[in-house]
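Hi,

Here is the structure I promised to send over. Have a look at it first, then read on.

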Amino acid sequence: MSPLFENYCKVRERIRAAALRAGRNPAEILLLAVSKTFPAEAIRELYDAGVRAFGENRIVELETKAAVLPEDIQWHFIGRLQANKARRVLHCATMIHSVDSIALLERLERIAAEENISRKFLLEINVSGEASKAGCTIPEEIGALARCAAGCEKMQWAGLMTMAPADASQAELKMVFGGLREWRDRLEEEFGRRLEVLSMGMSGDFECAVEQGSTLVRIGSAIFGRRE
Ligand SMILES: *Cc1c(COP(=O)(O)O)cnc(C)c1O
């Protein structure tokens with residue numbers, strides 16, 4: 001077995017164990033392989049083992065890799081998105097995890113309509129309020145952004161995403177991930193629609209995220225190794 005796929009399977013097994021501990025069905029959790037900074041050959045190795053969902057955080061890097069890899073890869077854009085790159089990201093990503101402003105979302109919706117394409121997106125929420133993190137923090141802002149999301153037609157609002165602080169304790173992780181789940185429940189009720197994706201959990205904290213309800217974990221270093 002390829003070494004990378006072996007890592008992938010180990011992560012998948014840990015996801016499964018965490019899901020079962022929490023009384024959840026492991027099949028409802030997507031393992032997104034975050035391939036940023038790693039070469040196309042590494043992605044190809046996992047692709048050949050059957051993996052199809054990959055995450056990237058820079059548009060040029062994503063375009064470069066997408067150009068040399070099979071077309072049925074589902075690319076997730078997980079990085080901060082500059083408005084002037086909106087069109088390019090819509091061309092290559094199936095899901096955008098990092099929508100954190102009305103201006104950005106309106107632009108994505110306008111371009112998607114122009115090009116007559118449809119893409120899923122998540123609202124990024126900064127649950128911990130940590131200043132260095134992207135994402136919407138203030139409840140009023142989240143409300144306004146969610147109203148905009150619910151009104152989109154080409155852009156399909158699929159759920160929420162968050163990142164926990166790197167140095168968070170187990171108690172803090174629980175608060176951040178549990179907090180995102182509560183936001184999801186509240187917004188589902190307010191807008192009377194399903195928000196099926198809760199994108200939370202990275203290499204260092206995904207088991208806690210799964211216990212708190214994550215449906216999509218974004219795993220880089222535990223699969224590909226340390227980034228430079
Ligand atoms: C890099 C990155 C990840 C993966 O991080 P690891 O700790 O290597 O698993 C997940 N989410 C986002 C938004 C990232 O930028």
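Below is what came out for the ligand and the pockets.

A caveat before the details: this is a predicted model, where local features need pLDDT of at least 70, side-chain atom pairs count only at pLDDT 80 or more, and totals for chains, interfaces and linings use all residues. Numbering runs from 1 along each chain as its sequence is written, and side-chain values use heavy atoms, with hydrogens and water left out.

The ligand sits in the largest pocket. (A pocket, on a 1 Å grid over the protein atoms alone, is an open set of points where a 1.4 Å probe fits, with protein on both sides within 12 Å along at least five of seven lines; lining residues have an atom within 4 Å of a point. To sit in one, a molecule needs more than half of its atoms within 2 Å of its grid points.) That pocket has a volume of about 400 Å³, meaning the space filled by probe spheres set on the points. Its lining has 21 residues, with Lys36, Asn57, Ile78, Met163 and Met202 nearest the centre.

What holds polar atoms up against the ligand (N or O pairs within 3.5 Å)? Arg218 puts a side-chain N or O atom 2.8 Å from a ligand nitrogen. Taken alone, the ligand exposes 390 Å², and the protein buries 91% of that (Shrake-Rupley areas, 1.4 Å probe).

Cheers

Key:
Polar contact = N/O pair within 3.5 Å; in protein donor to acceptor, adjacent residues only side chain to side chain.
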